[in-house]
Amino acid sequence: MTIPQAQRQCIDLHCHSTASDGALPPRELVARAAEQGVTHLALTDHDTLAGVDEARLAAADHGLSLINGIELSCVWHKQTIHVVGLDMRDEDVAFAGHVAQQQQNRWQRASAIADKLIRHVTDCGPDILEQATAHAGGEVPGRPHFAQALVAQGAVKDNNQAFRRYLGTGKPGDVKAFWPELEEVVQWITAAGGIAVLAHPRKYKLTATRLRKLVTDFMEAGGTAIEVITSGQSSGDTGFLAELCRRHSLLASQGSDFHFPGASWCELGRIPALPEGLTPVWEHFRSPVGR
Ligand code: MN
Ligand code: MN
Ligand code: MN
């Protein structure tokens, strides 16, 4: 469906559904985006494409353009970094294989956490992984789900105690994720015809010097875009990122990083406009979105 010329474009290239850690199923997410006036949406669930088919069907119903998307976890100098992939080809076999490996990595980590808890927590049942998975709605459980399972088993009195004793930083259940290097995920995305976007660069709490280093490493790996606009970011941070973008001739992306309704500071499509003088990433999609 084409969008009438008069209608303002509203572009949101970062959000989550129940296929990862979002609250809305893909169909409801797309309906909400349409209600909010979003015209172009990328569903970027963490390390999975599981929601994309449902989102695409819903997008067709609502006359909204859906851009292929994902948010991949990786490491850069021991720091977990998120890279959003946009506009990859449909059903690229190699890319799907890499994404499946990311899911495997998540399950391996979950089972390593379960092993540690069984060994270190006196009242932890042998079925802790199954229980945590149930708390995660059948998806790969993270530490919060293990905390809930420990509470349910009566091994701790609440989530806080679970983290303080067993799951918090430096405790037995604090198992680091097994993510690939930044370079690798950037290459997966570009090999699938997509554009790699450094997600929410100010969220990593890096010094300006280190962030500049991250950006140059990202570019060396083949990354061409950074997310200049994300929800809840100060105008100072936006200005800093815009400057970084101009200096390196990077493409600029924008997205709400919406996870659930009810947060007034984060709604689908409710994001400030890109600062002047930047090249929007969507002008470089395989089917470019005009101004
Ligand atoms: Mn998330
Ligand atoms: Mn992220
Ligand atoms: Mn995100």
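Okay, let's start with the negative surface patch, which is made by Glu181, Glu183, Glu184 and Glu220. A patch here takes residues with over 30% relative accessible area and no salt bridge, and joins like charges within 9 Å. A salt bridge would be a side-chain nitrogen of Lys or Arg within 4 Å of a carboxyl oxygen of Asp or Glu. The areas come from the Shrake-Rupley method with a 1.4 Å probe.

Before I go on: this is a predicted model, where local features need pLDDT of at least 70 and side-chain atom pairs count only at pLDDT 80 or more, while totals for chains, interfaces and linings use all residues. Residues are numbered from 1 along each chain, chains are lettered from A and ligands numbered from 1 as written, and side-chain values use heavy atoms, with hydrogens and water left out.

Back to Glu181. You'll find Glu181 in the loop between helix H6 (159-167) and helix H7 (182-191); helices are DSSP runs of H or I, at least four residues, and strands are E runs of at least two. Glu181 has 42% relative accessibility, so it counts as partly exposed. For the cut-offs, buried is under 20%, exposed is over 50%, and partly exposed is in between.

Now the metals. Donors are N, O and S atoms within 2.8 Å of the metal (3.2 Å for Na, K and Ca), and with water not among the atoms, sites may look incomplete.

Take the manganese ion (ligand 3). His14 (NE2), His16 (NE2), Glu71 (OE) and Asp257 (OD) coordinate it at 2.1 to 2.2 Å. His14 sits in the loop between strand S1 (11-12) and helix H1 (26-35) and Glu71 in strand S4 (residues 69-76), so this pair ties together parts 57 residues apart in sequence. His14 and Glu71 are both buried.

Glu71 (OE) turns up again at the manganese ion (ligand 2), along with His82 (ND1) and His200 (NE2), at 2.1 to 2.2 Å. His82 is in strand S5 (residues 79-86) and His200 in the loop between strand S6 (195-198) and helix H8 (208-220), 118 residues apart. His82 is buried at 18% relative accessible area, and His200 is buried too, at 5%.

Last one: the manganese ion (ligand 1) has Asp21 (OD), His46 (NE2) and His259 (NE2) as protein donors, 2.1 to 2.2 Å away.

Technical notes. Patches are made of residues with over 30% relative accessible area and no salt bridge: like charges are joined within 9 Å, nonpolar side chains (Val, Leu, Ile, Met, Phe, Trp, Tyr) within 5 Å. Lys and Arg count as positive and Asp and Glu as negative; His and the chain ends are not counted. The place of a charge is taken as NZ of Lys, CZ of Arg, CG of Asp or CD of Glu. Buried means under 20% relative accessible area, exposed over 50%, partly exposed in between (1.4 Å probe, protein chains only).
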